[in-house]
Amino acid sequence: MFDIPALDEQAGQKVEAHVNQLTKPPGSLGRLEQLVIELAKMTGSHVPQVTPPGVLLFAADHGVAKTGVSAFPQEVTAQMVMNFVRGGAAINAYSQQIGALFAVVDVGVASDIPGEGVIRQKVKYGTNHFCEEEAMTQEEAKQALLVGYQQANEMIEQGIRCLIVGEMGIANTTVASAILAALSGQKVEQLVGKGTGISDDRIAHKTKVIEQALRLHRPDPSQPLELLAKIGGLEIAAMAGAMLRAAEKRIPILLDGFICTTAALLAKLFHPYAADYMIAGHRSQEPGHRVALTLLGKEPLLDLSMRLGEGSGAAVAFPLLQFAVNMLNMTTFAEASVSQGGEQT
Ligand SMILES: O=C(O)c1ccc[n+]([C@@H]2O[C@H](COP(=O)([O-])O)[C@@H](O)[C@H]2O)c1
Ligand SMILES: Cc1cc2nc[nH]c2cc1C
């Protein structure tokens, strides 16, 4: 279904050799050296570019919100979408700072969003409550995946060179925890956290709700579409679709927090090469994020104790990608007539 090219190892080798000629002790720019080599392999270019970045934010609601698993009521999803449209959220401030193209997509908010500025691609007015029935049909899961795929394609056509995929959805840490429990086989209690800020008692309730859904549906961890239909997440499906399109087009994907990384694991199930195009921006405070990153095989660039979502952690990490590629503006030892050291490390 998806057509993702293998990494360009040759471009990586060429950039690695060049980086070793730059006027610095070999390896002294640390992880930034690995990053520019990874970006060369992803883009297939000896001079990888990451600007302008694009921030694509998917919003949706979750039937399970009615059981009180979040610190906030469901209507906050729609209210925050309005805030994104007006430019008042953290991701707006940070998108502007990093010069990103920005778009908000309603893929499944439970109410209609008035006015201009939101991309209307609603598949369903929120998912069903997954303790009672399947969150959505497989057809709906596929539609949401395609919304993400198409929106990423549009942004790529507008010229973005790096994709940040954000989300907004009250109760989506419950949904992401359920998906991650199914994918990792780990105990729910080891994955759940406070999300938007619930008490320990409420975390115990959230754990029980997730365990109940998993007992009811017994999702097969090798079937991503079925898994999405059973335990859901319209925005999570759209995020996975967006990542798959970016990987097809060799556009590096900078991952955000817990929900985003869970979507990344699903994208990898749809196509194993998808993860080759991903860089983990930060480690969120949500306990499951550590597990999700390990499962994906990624070490995050930052750990700032953030737990906001929206793509904010990825936006904060983005300048590090610029630092990595700007290394290639340096001169070589030969060009600068600087003597090279003799030690081998
Ligand atoms: O990205 C994260 O790691 C993250 C961690 C905790 C909360 N969030 C955001 O908070 C919302 C979900 O939290 P909750 O408590 O409603 O499940 C959703 O809109 C996410 O964007 C995001
Ligand atoms: C205010 C608010 C902003 C958010 N941004 C992402 N998730 C969020 C959840 C809440 C509650």
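**Ligand 1.** I found 24 residues around ligand 1, and the closest are Ser70, Gly195, Gly257, Ser284 and Gly309. Here a residue is near a molecule if its C-beta atom, placed from the backbone, lies within 6 Å of it. Next I sorted this shell by class: eight nonpolar, eleven polar and five charged residues. In this sorting Ala, Val, Leu, Ile, Met, Phe, Trp, Tyr, Cys and Pro count as nonpolar, Asp, Glu, Lys and Arg as charged, and the others, Gly among them, as polar.

Which elements each supply at least two residues of the shell? They are strand E4 (162–168), H6 and H10. H6 gives the largest share, three residues. Helices (H or I, at least four residues) and strands (E, at least two) are DSSP runs, numbered from the N terminus.

**Ligand 2.** I then listed the residues around ligand 2: Phe72, Val76, Met80, Met168, Thr196, Leu308, Gly309 and Glu310. Five are nonpolar, two polar and one charged.

**H6 and H10.** I checked how these two helices meet. The axes of H6 (residues 172–184) and H10 (residues 258–270) come within 9 Å and cross at roughly 40 degrees. Axes are lines fitted to C-alpha atoms, for helices over the stretch in contact, and angles run from 0 to 180 degrees between N-to-C directions. From H6 I noted Asn172, Thr173, Ala176, Ile179, Leu180 and Leu183; they meet Phe258, Ile259, Thr262 and Leu265 of H10. Two residues are in contact if their C-beta atoms, placed from the backbone, lie within 7 Å. By class, this contact has seven nonpolar, three polar and no charged residues.

**Gly148.** Is Gly148 buried or exposed? Gly148 counts as buried because 30 other C-beta atoms lie within 10 Å. The cut-offs are 20 or more such atoms within 10 Å for buried, 12 or fewer for exposed, and partly exposed in between, with C-beta atoms placed from the backbone. I located Gly148 in helix H5 (residues 138–157). Leaving out residues up to four places away in sequence, Gly148 touches Phe58, Ala237, Ala238, Met239, Ala240, Gly241 and Ala242. The C-alpha atoms of Gly148 and Ala242 are 4.3 Å apart, though 94 residues separate them along the chain.

**Notes on the model.** Residues are numbered from 1 along each chain as its sequence is written, while chains are lettered from A and ligands numbered from 1 in the order in which they are written. In this predicted model, local features need pLDDT of at least 70 and side-chain atom pairs count only at pLDDT 80 or more, but totals for chains, interfaces and linings use all residues.
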